[in-house]
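Subject: Handing over the structure

Hello,

Here is the structure I promised to pass on. Please open it first, then read my notes below.

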Amino acid sequence: MRNALFTQKLKLSEIRLLIVDDNQVRYNKIVEILQEQSLQVNALLLDDIRSFEKQLATSWDLIIFGRAYDLKLEQAFPIIQNSIQPDIPVLMLRDEDYHPDQYSQYLNKGVFDILNLDFTASTYMMLVRALSYSRSIQATKRLNEELETMQQHAQHLAHESSKAIALLEEGIHAQANEEYVKLFGFKSEDDLIGLPVMDVLQPKNIQQFKQNFKKISQGQFEQTGLEISTSNPNATHSYLKLEYFPAEDGAVQLIVDTIEGKGSALGGEKIHPLSSAMLSMMRHIKNNPANFNTLVVMGLKQCPEAILEAHWEEKLNYFREVTKYLQDYNDATVYRIDPLTYITLVQTESQAVLDARLSSLKSLQKPQLLTIADKTLPLNLRLGYQILTEQQYDDESFLAVVGQAYDTLLPEAKAQANDDFLSLIEETPAPVATPVPSVALEMDIEPVVAQVNTPVSTIGDLDLDLDLGLETDIATSAPVIEPVTANPLNDSLDLDLSLDIAPLDTPVVPSAPVGSDLGLSLELEPMTTSVAEPSLSLEIEQPEIQLDGLSLQLDEPETTAPTISGLSLEIEQPSIELALDKVEPVVEPVAVQAVEIESIAPTPIVEPIAPATVGTPVPMIKPTTSSSADWSPMLKSLQQNLQHGLVSLRFQQYYDKDDSMMFTYEVSSSFIYDNAWKDLVDMPDLNEAPELSIELDRWMVIEASKQLHNFVTQYPNSRIVVNLNQHILTNPQFPELVGKLAKMIGGQQQRPLVLQFSEKALSENVGISQHYIAELKKQGVDIAVRGFGTLLLSKTILERIPMDIIGLHTDFNKQVHDTNGAAELQEKMNEFKEICPNANFVLHDLDDMNSFANAWNVEARFIKSAYFQKKMDNLVMQTQ
């Protein structure tokens, strides 16, 4: 029996092949194989990405992929997914590097089959099999469209018989019902027969009507809706809505509905009759059964006044953008059933997944902005839902379901889990200015011989409790003075110095008890220091100290300079000088103990820290505090938006070249101020209000984790990369918070929560950042860095802070476009990879097709690109 695939029908139509290859010989071989079987072939050969994208704007039967100048197979699939034929079969030409073990791997990537041109017969059979599959997809799509049109037609005949209906043959009236005759002021049908449709309708916008009717004459009934304003003086209504449907023998049925008043013309986009939308949904449910079928109603809370007063084209564009915006968040078709109301269908396999899907849509109820031409217009929505329980509805019952859905608020997914997330906000204390942990230097000093008025005593242990702005350089373990830029030490700083005198062989004066404290008032004078060899100069206001009749005189000739593993203390009259010498890396850890700070300038002061050890408290940078009364208007507005839950999270899916971590999303935050979106990541104004920045980041990581918790119900391998500001590094409660969140999210990822900081924030104090991030990683989260690779300290940061994800600075994007630049960037990435071998690289903001494709010129695993997925208000899965 002959295989039905090898039918004569293939010879009756032209086969359109798009061949991506750089070899004309292989192209000729493919065409020759098909033509030898008497098939009509229309093939096109190309080998560059721009031509490839351009040609995908037209229809093809097959795509055959070989080698290309600047296009790889992995790059081609996301471009195809965004084309008008996302399901077109893709065949791959076998090359010399192919191994049979790779067959399943290529199929998983989306390849339909692999061609070996050395075997002509098998190549032909594979081509025919792929062609038959492609034609089946095209036929199914075409039949569904025709069925939709005919069912709409039948519905209109059954339910819209009271409307004005006319039958047109080549634009001439052949028949008309009574309503149609009366609508245009005719006495009988005979007076109307034979008149051109344009003479009767008399549209004011003649050109628009002609263009629309031309499509109808060509059989394009997909977009049949048109609203016109008639200038016919005999018409009983001025505003009319026209719809066309195919009839027998090539005739066209015209249905005219009246529109009451100008206010009804709120956009020229097609408004689906409720009955038509209902039938489409019921048919979809029948063809795609699911356990839960839910109607979601999305209504505009109000129409912007600017739209009500705008001209026709602006109205049209606004409502088109609303439909497009809503469609981005829904898999099924969105139907506009009246000027301000839209409906769609949500199908899920379980109640848990349904709750998660509906809960994710709640983010659409936050204030939004739509950009129309050069204007920014607000969008405020309300959403409701109702589970469909019947297999069939009539108009009246379905209208009742729509009303119930409109009045039923969206649910919270997993009520108990939601309460747990809310409790984190309520139980965790509000962020406050963190007190600076005090650090004392315990110094074992060699004996110092001091000249006194009584028999000589030896000062055995000299304990200096100094509260200074020092930072420990972990790499060398040498104390380094942190530069102060905002408010240098131009004023003297009073310090307390305690000297504990311990007895040695020479007895001390009885009036000086053992262990007595000598109180010295020291004054720290301004100075210029070197990072390599810093020094401090301390002046004693009273160089001679009296203790119960004992005079302690510090004389330069008789003092010896004690040393502390390379730290020398030089005492001279009338000052004490600390000379801090550079030392070798192996140094005893410095112990930490509390010391009270008497006074401190507004400038943040960094305390010296010790090498990281288990149980060591995390040092903090004291944030600059400010009164909310001093904040800018934008910060005050942000605070109000945050309190009322009006700050929006934005999610953007990474494209994973390896196809193994496809559900990775980067999270950022923004809010509306002065009719524009304000990005809150690294916003300079937040430096005025670090407490607000901390509160924002805490809310952001909780809310993002909550949404991820809902999303893993559908996609358990999902994870998020949350962008945070630098001020959160000063909050001691944050590590504990993220530890709780990491355990609550769920899913199959071991570490679903990734915290991302800017390279600039980490570089401002690498030592403290190292300790803080070490504590975060102990809580079960991964760490990412953004804007990386442009600083001199970039490698040092990686050496000190191991990263899981490295987001390269956007300055590198231009290098991916040419061979030399890509090679230089790859070399830099290799250097980073040597330091941090387990990190994955991300290229950011490659938002056009060409940039996205060029990302394959370097070995960056992830791509963040608006070409693949734009920033969304909730987690939306984009097929890769």
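How many helices and strands are there in the chain? The chain has 22 helices and 39 strands. Both are DSSP runs, numbered from the N terminus: helices are H or I with at least four residues, strands are E with at least two.

Two points before you start. This is a predicted model, where local features need pLDDT of at least 70 and side-chain atom pairs count only at pLDDT 80 or more, while totals for chains, interfaces and linings use all residues. Residues are numbered from 1 along each chain as its sequence is written, and side-chain values use heavy atoms, with hydrogens and water left out.

The chain as a whole

Of the 880 residues, 49% count as buried. Buried means under 20% relative accessible area, exposed over 50%, and partly exposed in between (1.4 Å probe, protein chains only). The accessible surface comes to about 42000 Å². Carbon and sulfur atoms hold 50% of that surface. These areas come from the Shrake-Rupley method with a 1.4 Å probe; for residues, only the protein chains shown count as cover. Now the contacts, meaning heavy atoms within 4.5 Å. Take those between residues at least 6 apart in sequence: 68% join residues at least 24 apart.

The parallel sheet

Five strands form an open sheet in the order β2-β1-β3-β4-β5, and the pairing is parallel. Two strands pair if DSSP finds at least two bridges between them. The edges are β2 (40-46) and β5 (113-115), each pairing on one side only. From one strand to the next, the twist averages 25°. Angles run from 0 to 180 degrees between N-to-C directions, and axes are lines fitted to C-alpha atoms, for helices over the stretch in contact.

Strand β1 (residues 14-20) pairs with β3 over four bridges, in the parallel sense. There, Ile 19 stands opposite Ile 64 in β3. Helix α1 (residues 24-35) lies across β1, β2, β3 and β4. Its direction runs at about 170° to β2. Helix α3 also packs on the sheet, touching β3 and β4. The direction of α3 makes about 165° with that of β4.

The antiparallel sheet

A further open sheet has five strands in the order β7-β6-β10-β9-β8, with antiparallel pairing. Its edge strands are β7 (172-176) and β8 (226-229), and each pairs on one side only. Neighbouring strands here are turned by 35° against each other on average, direction ignored.

Strands β9 (residues 239-246) and β10 (residues 252-259) pair over eight bridges, antiparallel. Lys 241 faces Asp 257 in β10 as its opposite residue. Helix α8 (residues 206-217) lies across β6 (164-169), β8, β9 and β10. Helix α8 runs at about 15° to β9.

Helix α17

Helix α17 (residues 734-745) has 12 residues. From first C-alpha to last, α17 reaches 17 Å, close to the 16 Å expected at 1.5 Å a residue. The expected span is 1.5 Å times one less than the number of residues. Among its buried residues are Phe 734, Leu 737, Leu 741 and Ile 745. Just after α17, Gly 746 takes a positive phi of about 85°.

Start with Glu 666, in strand β32 (residues 664-673). Its relative accessible area is 7%, so Glu 666 counts as buried. The Glu 666 side chain makes a polar contact with the side chain of Lys 864, at 3.3 Å. A polar contact is a pair of N or O atoms within 3.5 Å; within protein, one must be able to donate a hydrogen and the other to accept it, and residues adjacent in sequence count only if both atoms are side-chain atoms. Leaving out residues up to four places away in sequence, Glu 666 touches Arg 650, Tyr 654, Asn 723 and His 844, among others.

Then go to Asn 330, in the loop between α11 (312-327) and β12 (335-338). Asn 330 is buried too, with a relative accessible area of 5%. A polar atom of its side chain lies 2.7 Å from the backbone oxygen of Leu 326. Beyond four places in sequence, Asn 330 touches Met 298, Thr 344 and Leu 361. The C-alpha atoms of Asn 330 and Thr 344 are separated by 7.6 Å, though these residues are 14 apart along the chain.

Best wishes
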